[in-house]
Amino acid sequence: MKDFLWGAATSAYQIEGAVAEDGRAPSIWDTFAAEPGRVDNGDTGDQAAGHYHRWRDDIELMTELGLGAYRFSVAWPRVDPYGKGVVNTKGLDFYQRLVDALLDKGIEPWPTLYHWDLPQTLEDAGGWPERDTAARFADYAAIVHDALADRVTHWTTLNEPWCSAFLGYGTGRHAPGRQEPLASVRAAHHLLLAHGLAAARMSGSRVGITLNLTHVAPLGPADVEAARRVDGMQNRIFLDPLLRGHYPDDLPIDLGHVRDGDLKTIAAPLDFLGVNYYTPMTVTTTVRPAPTAYVGCEDVVQVDRGLPRTSIGWEIDAGGLRDLLLRLRDDYPGTDLYITENGAAFDAPVHDHDRIAYLHDHLRAVREAVAAGVPLRGYFAWSLLDNFEWSYGYAQRFGLVHVDYATQHRTVKDSGRWYRDVIRRSGR
Ligand code: FCB
């Protein structure tokens with residue numbers, strides 16, 4: 001594929017470690033992971049993949065794989081440790097060095113400003129359900145942008161605000177672990193507002209946001225309404241404000257916290273939309289309502305279609321990616337798209353043929369979508385390295401490169417070599 005960008009992605013808390021070095025303050029993930037029972041096996045990001053010290057080696061690996069771009073996230077608690085808009089130079093310098101070294105190797109740096117590591121002080125002040133957190137984010141974004149915009153072209157404000165809002169404040173499966181459905185809806189809005197306020201401070205750059213979108217199918221004709229509601233609370237609750245300037249009018253939630261002018265801020269033109277895709281959903285209604293991440297959808301459950309799954313339990317269906325991309329082409333035309341994450345958890349240390357099969361099928365879906373006129377400009381595999389997989393800890397491995405956590409030794413997996421060859425052949 002011509003002019004198509006090939007990359008791989010990581011995020012700060014998942015790989016950096018060094019959580020108490022050079023002035024970094026705790027984030028909500030440090031606090032959450034330290035609480036017994038929150039993360040499998042009691043794992044934390046304290047060491048992670050040791051990237052804060054091994055970043056030079058990791059750039060060598062990227063060169064070996066032939067990456068055109070590297071998507072990483074900037075840790076808010078390193079750069080602005082207490083969320084007060086006060087820069088911690090040592091923390092910022094880390095990303096300065098990283099960006100310079102990537103450019104030296106001809107790899108385009110693709111920073112994401114927020115991949116879930118909210119400074120703990122801001123959570124103590126109420127977190128994302130508080131409107132002021134959006135303004136704090138914009139100040140932090142401006143600090144990083146002012147420092148790096150001379151060398152960085154593409155900026156992503158937020159990674160997967162759905163997870164921050166609905167897993168962080170709804171189910172409590174992610175930090176900060178609160179189970180307050182009403183607060184989760186407010187958090188979603190303030191994350192969108194944070195995006196808009198930050199984007200307004202980043203003129204001259206190409207600015208996007210990454211959403212975790214999925215294809216939601218009804219099990220049968222009686223489930224169409226249930227699928228519509230889940231689609232609303234997963235996809236359209238973010239897509240419509242960003243790309244149409246209003247919330248969908250069929251969301252099963254109260255939006256009383258939305259103020260005049262917010263939607264104008266949120267809907268400022270996007271230069272690109274990042275799409276993270278792992279698995280589709282098939283849903284049906286149940287007679288036994290239960291708490292769910294989908295506020296207003298307590299009577300809806302996911303159906304197991306009996307398809308193969310990755311080791312984390314996510315159903316494998318590349319057709320869901322193709323359908324999602326075609327839907328974006330049709331319902332939200334005119335925005336350049338990048339797949340900013342796609343990949344699979346499998347345990348095999350080096351000979352990871354399941355991962356190759358997953359990537360192979362999903363890249364075929366990518367080619368089909370491009371051939372069908374989807375304005376898809378690039379693809380980032382998740383992930384460059386095995387890393388701290390949030391509440392699953394280190395047990396789930398998504399890397400193209402294996403990490404031995406005891407020694408921090410890296411070994412390129414078969415999938416890494418396979419992906420290198422895909423890139424060499426421009427995706428064919
Ligand atoms: C996404 C996250 C990423 C990683 C993958 C597997 O939801 O953005 O950090 O955990 O899932």
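H115 is placed in the loop that runs between β3 (108-114) and α6 (120-124). Helices (H or I, at least four residues) and strands (E, at least two) are DSSP runs, numbered from the N terminus. The model is predicted: local features need pLDDT of at least 70, side-chain atom pairs count only at pLDDT 80 or more, and totals for chains, interfaces and linings use all residues. Residues are numbered from 1 along each chain as its sequence is written, and side-chain values use heavy atoms, with hydrogens and water left out.

H115 has a relative accessible area of 2% and is therefore buried (under 20% relative accessible area, with exposed over 50% and partly exposed in between; 1.4 Å probe, protein chains only). The side chain of H115 makes a polar contact of 3.0 Å with that of N159. A polar contact is a pair of N or O atoms within 3.5 Å; within protein, one must be able to donate a hydrogen and the other to accept it, and residues adjacent in sequence count only if both atoms are side-chain atoms.

H115 and N159 also belong to the surroundings of the ligand, together with Q14, W116, E160, N276, Y278, E341, W382, E389, W390 and F398. Each has a heavy atom within 4 Å of the ligand. This shell comprises five nonpolar, four polar and three charged residues. Ala, Val, Leu, Ile, Met, Phe, Trp, Tyr, Cys and Pro count as nonpolar; Asp, Glu, Lys and Arg count as charged; the others, Gly among them, count as polar.

For Q14, the distance is 2.7 Å. For H115, it is 2.8 Å. For W390, it is 2.9 Å. On its own, the ligand has 290 Å² of accessible area, and the protein covers 95% of that (Shrake-Rupley method, 1.4 Å probe). The ligand sits in the largest pocket, with more than half of its atoms within 2 Å of the grid points. A pocket is an open set of points on a 1 Å grid over the protein atoms alone, where a 1.4 Å probe fits, with protein on both sides within 12 Å along at least five of seven lines.

Two further residues lie in helices. D58 is part of helix α3 (residues 51-65). Its relative accessible area is 0%, so D58 is buried. The side chains of D58 and H51 are joined by a polar contact of 2.8 Å. G196 belongs to helix α9 (residues 181-200). G196 counts as buried because its relative accessibility is 3%. Along the chain, G196 and D262 are 66 residues apart, and 8.4 Å separates their C-alpha atoms.

Terms used
1 Å grid on protein atoms, 1.4 Å probe; cavity = no way out; pocket = protein on both sides within 12 Å on 5 of 7 lines; lining within 4 Å.
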